[in-house]
Amino acid sequence: MLSRYDTSRILVVDDDRNLRKTIIDILRAKGYVAFGVDSGSTALDKFVEPYPDVVLADLRLEDMSGLDLIREIKRCS
């Protein structure tokens with residue numbers, strides 16, 4: 001039987017590798033399809049169809065703010 005999580009894709013954007021891995025591991029354990037990147041520019045490169053259902057972004061990334069990233073994602077989608 002399929003659950004509602006089977007197609008939910010979550011992109012985790014955080015420059016802290018350990019935190020990013022922990023969040024991804026927790027999400028996967030809960031049944032989500034989770035993947036992560038370490039920068040805003042990489043996130044924008046990965047933001048292609050099929051689009052993630054959710055983006056979890058750190059507010060302070062090395063190359064841009066998380067809010068700027070979300071604004072750009074919103075503009076692209």
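Which backbone oxygen does the side chain of Arg 20 reach? In this predicted model, the side chain of Arg 20 comes to 2.5 Å from the backbone oxygen of Asp 14, and the residue itself has its place in helix H1. Arg 20 is buried, yet no salt bridge is found for this residue, since the nearest side chain of opposite charge, that of Asp 38, lies 5.2 Å away; a salt bridge would need a side-chain nitrogen within 4 Å of a carboxyl oxygen.

The confidence of the prediction deserves a word before going further. The protein chain has a mean pLDDT of 88, with 91% of its residues at 70 or more. Helix H1, residues 17-29, has the highest confidence, at 97, whereas the lowest is given for helix H2, residues 40-46, with a mean of 89.

Although Arg 20 has no salt bridge, a search of the whole structure finds 3 of them. One of these lies in helix H1, where Lys 21 and Asp 25 are 4 residues apart, about one turn of the helix, and where their closest N and O atoms are 2.7 Å apart. Lys 21 counts as partly exposed because its relative accessibility is 47%, and Asp 25 is likewise classed as partly exposed, at 36%.

Helix H3, residues 66-76, holds Asp 68 and Arg 71, which are 3 residues apart and therefore separated by about one helical turn; their side chains meet in a salt bridge with an N to O distance of 2.8 Å. Asp 68 is partly exposed at 39% relative accessibility, while Arg 71, with a relative accessible area of 54%, is exposed.

Arg 75 and Glu 72 also lie in helix H3, 3 residues apart, again about one turn of the helix, and their side chains form a salt bridge at 2.5 Å, N to O. In this pair, Arg 75 counts as exposed because its relative accessibility is 60%, whereas Glu 72, at 25%, counts as partly exposed.

Note on methods
Residues are numbered from 1 along each chain as its sequence is written. This is a predicted model: local features need pLDDT of at least 70, side-chain atom pairs count only at pLDDT 80 or more; totals for chains, interfaces and linings use all residues. Side-chain values use heavy atoms; hydrogens and water are left out. pLDDT is the predictor's confidence in each residue, from 0 to 100. Helices (H or I, at least four residues) and strands (E, at least two) are DSSP runs, numbered from the N terminus. Buried means under 20% relative accessible area, exposed over 50%, partly exposed in between (1.4 Å probe, protein chains only). Lys and Arg count as positive and Asp and Glu as negative; His and the chain ends are not counted. A polar contact is a pair of N or O atoms within 3.5 Å; within protein, one must be able to donate a hydrogen and the other to accept it, and residues adjacent in sequence count only if both atoms are side-chain atoms.
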